[in-house]
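Take a moment with the picture, then read on.

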Amino acid sequence: MSLYTQHSALSTQHSALTLSQLTAGIQEVIEGSFSSPFWIKAEIAKLNHYPGSGHCYPSLVEKEKGQIRAEMRGTIWANDFQRINANFIKVTREPLKEGIQILFRTLVKYHPVYGLSLQIIDIDPSYTLGEMAREKIETIMKLRNEGLFERNKQLELPLLPKRIAVISVKTSKGFSDFINILENNNWGYAFTCVLFPALLQGDKAVDSIAGQLKVIGRMAEHFDAVAIIRGGGGDVGLNCYDHYLLAREVTLCPLPVLTGIGHSTNETVVEMVAAYNKITPTDVAYFLIQQFHNFSVRVKECQEKILSSTMKMLEEEKRRWEEGCRRLLLQTDNLIKLEKNKLQLAGSRLQYKPGLLINEKQIRLRNMADWLTMRVNQLFVQKDQQLALLDEKLKLLDPQLVLKRGYSITYFEGKPLMDATGLKPGDEIHTRLYHGKIYSEIKLKSE
Amino acid sequence: MENKINYTKAIQELEKIVSEIEQGEITIDILSEKVKRASELIRICKEKLTSTEEDVSRILEELKTD
């Protein structure tokens, strides 16, 4: 090659080429050696598509075990990009983007100003899984085999995740967005965030984040959850989140891990194994606030249910009471009506019965009067007869009649004499006869 | 941790009372007692939303000594 010959010759003469002579030489060598296109496989680390011009300058990388082995700038001119991207979408249903492995047909180009680049003239969309994706799958398989993949997801997030261990960078936009949303929420929900600073991208992020996860794990009782917050950085260097060691540390964390890594590439393994992947820092913050809302709603629902149920119970009780009262009144009313009827019936009987009684008594009285009259008459008759008899007897006792039969009554000193005792000779006595009296002087007496 | 258990238990107890009332398992005689307990639990739960659980500085100090 003439350039090398020239170079060695010139250097001995201490003369120099201009830069453009050098670049022209380089260009000649490169384009001479790589005159025909090659099929190359590489990963698009960053797409760098400019919609204005339509040109695309992808950053192409090759990695091994998470480390970048080679990196080159690519160029896809606007016309080619449209065709290639359309075809890519048609086959993969995804547009060309960062983080994918591509198999592409390229010309090696050298430009004196822009340097070395690969001019991509075609991409084989069937070749979609790159080394990054394979590494990712390997990580996933390994975690699954170890039974760790679902481990963090199985942790229960406290009803109120208010104490958050944040793995982030203090000066990052993601972190300040996250803190702002939590601290200035409109509902006065109280969060306590403690920052555990760590590198969030690049190969060193693996150890940095894993180390902080270990620290947090040792003081897990002070926290409800871990949030990995990244935002504002580019999308290059995120393959650390597919790294086995970091993903494993996330699965082993005793607290539920929430991720807000803030990128637009495929979900990383860390995000897959985290209890909750909310993609952006703001979404993690809103998710936490939502937990508070959920709790608040539960409490409010209880409050409303208790209120309405209690009111319902009281109303039912009142209704039952009123129903009871109504029935009591009805029953009482019926009873009163019933008793009233009985009374009326009894009353009407009473009105009727005294008449009967009086009649009865009157009849009895009349009968008795009749009987009495009869009895009295009978008595009169009886007495008349007795009197008549007595009269007969009395007539027999009449002294005149006795005197008529020859008896006489002797009186001494005006009294009839039944005994001779006390009489002495010379006493004057008189004797009454049926006809007339005789006066005598006692001459002799015998006893 | 204790507080976490407390408010978790509080809402569980609260929801139990609600279901008891809704299922008609509570008689009118003990209703007022239950409502009183429920309002206490509601207060505990609402306080949890806005009260700061732990002193940040205490955690930070623990971090330094770690």
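Let's start with a loop in chain A: A:Glu413 sits in the stretch between β11 (409–412) and β12 (415–416) of that chain. Keep in mind that this is a predicted model. A:Glu413 isn't a glycine, and yet its phi is positive, about 50°. Is A:Glu413 buried or exposed? With 9 other C-beta atoms within 10 Å, A:Glu413 counts as exposed, because a residue with 12 or fewer such atoms is called exposed.

Another residue with this kind of backbone angle is A:Asn48, which has a positive phi of about 50° although it isn't a glycine either. You'll find A:Asn48 in the loop joining β1 (38–46) and β2 (59–64) of chain A. Here the count is 16 other C-beta atoms within 10 Å, so A:Asn48 is partly exposed.

Here are the two side by side:

| Residue | Phi | Other C-beta atoms within 10 Å |
|---|---|---|
| A:Asn48 | about 50° | 16, partly exposed |
| A:Glu413 | about 50° | 9, exposed |

Now for the place where the chains meet. How many residues does the contact take from chain B and from chain A? Chain B gives 29 residues and chain A gives 27 residues. On the side of chain B that touches chain A, at least two residues come from each of α1 (2–22), α2 (28–50) and α3 (56–65) of chain B. The largest share belongs to α2(B), with 10 residues. Sorted by class, that side of chain B has 16 nonpolar, nine charged and four polar residues.

Key
Residues are numbered from 1 along each chain as its sequence is written. Chains are lettered from A and ligands numbered from 1 in the order in which they are written. This is a predicted model: local features need pLDDT of at least 70, side-chain atom pairs count only at pLDDT 80 or more; totals for chains, interfaces and linings use all residues. Two residues are in contact if their C-beta atoms, placed from the backbone, lie within 7 Å. Helices (H or I, at least four residues) and strands (E, at least two) are DSSP runs, numbered from the N terminus. Ala, Val, Leu, Ile, Met, Phe, Trp, Tyr, Cys and Pro count as nonpolar, Asp, Glu, Lys and Arg as charged, and the others, Gly among them, as polar. A residue is buried if 20 or more other C-beta atoms lie within 10 Å of its own, exposed if 12 or fewer, and partly exposed in between; C-beta atoms are placed from the backbone.
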